[in-house]
Amino acid sequence: MEPGLVTTIIPVYNRAQMLREAVASTLAQTHHPIEIVIVDDGSTDETGRVADELAGDAVRVAHQPNRGPGAARETGRRLARGEFIQHLDSDDLLLPRKFELQVAVLRARPECGAAYGWTRLRRRDGTLEPRPWKRSGERLEMMFPAMLQSRWWDTPTPIYRASAIEAAGAWTELRIEEDWEYDARIAALGVRLAYCEEWVCEVRMHDDHLSGTMNAATLRDRATAHALIYGHARRAGIGPDAPEMQHFARELFLLARQCGAAGLGEKSRTLFDLARDASGGGRDRLQFRLYRALAGVVGWTRLGKLARMADRLR
């Protein structure tokens, strides 16, 4: 680990022009020293060649077969040499003073393992959201329990101490919600947050964003991610009485029905059991009992399909 060095890890797949812009925004930082680790995740267009063209004193490039963003970030994690770690999706941008501001606040608050600031959203038509995106405009001292209710920031928003990343360990090879799971894993460590009341990054909506289609493969990864997130929350001591846990229990139950409708019976059963545990029973106890009894009669897959049909009719 090199003191003061900020390592930016950029996984990329088929985004040559956006990669150039992401790298340029990192090289424009007012804080130095920096290094950039680009991980080309098996691109099938000119992105791999563009990544090699960007290589230089501050930019290193790794190529690997396509395994998804989690595996690409793990390759970057193993190559990182910085005291601080910045994750940057290839379609987003860092604002010039991001590292300067966030490294300064982390140095001023040694008890904190991560710092975050305001995230700017640029919509597809080029217009900017006037207020900080998601909850990046709120001062939160800890990632949990808010991180259980939603991933309340975007990938480029925080900067982490390398020690926090090392404690969290390896990324999973999930292709969706791998970032939320990793943040929840860090949250379970009790990492405290430092806050910068400044714009620090920009996330951009565009037509290349992942489709919202929930096919079986996507649902399988979401189910795994949700189960892991629930485990992290329990290790952090969040119980059924917390409103955020009640919200997550409903999310688990919904996902259980979706998995059943997609033919993922075992995933549906697992998520249902987690949802029942997360809810602590309460007013939903009868609903869980009825659903479990019906699953024993018609099966988790058929019941999931019926439940999804009922959801659409409401």
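In this predicted model, His-31 is in contact with Gly-4, Val-6, Phe-99, Glu-100, Val-103 and Arg-107, once its neighbours within four places in sequence are left aside. His-31 itself belongs to the loop that runs between helix H1 (16-27) and strand E2 (34-41), and both of these elements return in the points below.

**His-31 and its surroundings**

- His-31 counts as buried because its relative accessible area is 10%, and the cut-off for a buried residue is under 20%.
- One of the residues in contact with His-31 is Gly-4, and here the side chain of His-31 reaches the backbone oxygen of Gly-4 at a distance of 2.9 Å.

**The sheet**

- Eight strands make up an open sheet with mixed pairing, and their order across the sheet is E3-E2-E1-E4-E7-E6-E8-E5.
- At the edges of this sheet are strand E3 (59-64) and strand E5 (93-94), each of which pairs on one side only.
- As background, the strands of a sheet pair through backbone hydrogen bonds, and they may do so in either a parallel or an antiparallel way.
- E2 runs parallel to E3, and six bridges join the two strands; in this pairing, Val-39 has Ala-62 of E3 as its bridge partner.
- E2 also pairs with E1 in the parallel sense, over seven bridges, and here Thr-7 has Glu-35 of E2 as its bridge partner.
- H1 lies across several strands, namely strand E1 (2-12), E2, E3, E5 and strand E8 (193-204), and the helix runs at about 165° to E2.

**How E2 is enclosed**

- Eight of the eight residues of E2 are buried, so this strand is largely enclosed by the rest of the structure.
- The cover extends to both faces of E2: Ile-34, Ile-36, Ile-38 and Asp-40 are buried on one side, while Glu-35, Val-37, Val-39 and Asp-41 are buried on the other.

- Not counting residues up to four places away in sequence, His-87 touches Ile-9, Arg-73, Thr-155, Pro-156, Tyr-160, Ile-165 and Trp-171.

**The chain as a whole**

- The secondary structure of the chain comes to 12 helices and eight strands.
- The C-alpha trace of the chain spans about 65 × 45 × 35 Å along its principal axes.
- Of the 314 residues in the chain, 52% are buried, and the chain exposes about 14,200 Å², of which carbon and sulfur atoms supply 52%.
- Among the contacts in the chain with a separation of 6 or more, 75% are between residues 24 or more positions apart.

**Details of the backbone**

- A cis peptide bond, with omega at about 10°, joins His-32 and Pro-33, and Pro-33 lies in the loop between H1 and E2, the loop in which His-31 is also found.
- Another cis peptide bond joins Phe-144 and Pro-145, with omega at about 5°; Pro-145 is found in the loop between strand E6 (114-122) and helix H5 (146-149).
- Asn-14, found in the loop between E1 and H1, has a positive phi of about 55° although it is not a glycine, and at 25% relative accessibility this residue counts as partly exposed.
- Lys-134 lies in the loop between E6 and H5, and its phi is near 55°, which is a positive value in a residue other than glycine.
- With a relative accessible area of 39%, Lys-134 is partly exposed, because that class takes in the values between the buried limit of under 20% and the exposed limit of over 50%.

Technical notes. Residues numbered from 1 in each chain as written. Predicted model: local features only at pLDDT ≥ 70, side-chain atom pairs only at ≥ 80, totals over all residues. Heavy atoms only, no water. Helix = DSSP H or I, 4+ residues; strand = E, 2+ residues; numbered from the N terminus. Buried < 20%, exposed > 50% of the residue type's maximum accessible area, 1.4 Å probe, protein only. Polar contact = N/O pair within 3.5 Å; in protein donor to acceptor, adjacent residues only side chain to side chain. Contact = heavy atoms within 4.5 Å. Pairing = 2+ DSSP bridges. Axes fitted to C-alpha atoms, helices over the stretch in contact; angles between N-to-C directions. Areas by Shrake-Rupley, 256 points an atom, 1.4 Å probe, with all protein chains shown as cover.
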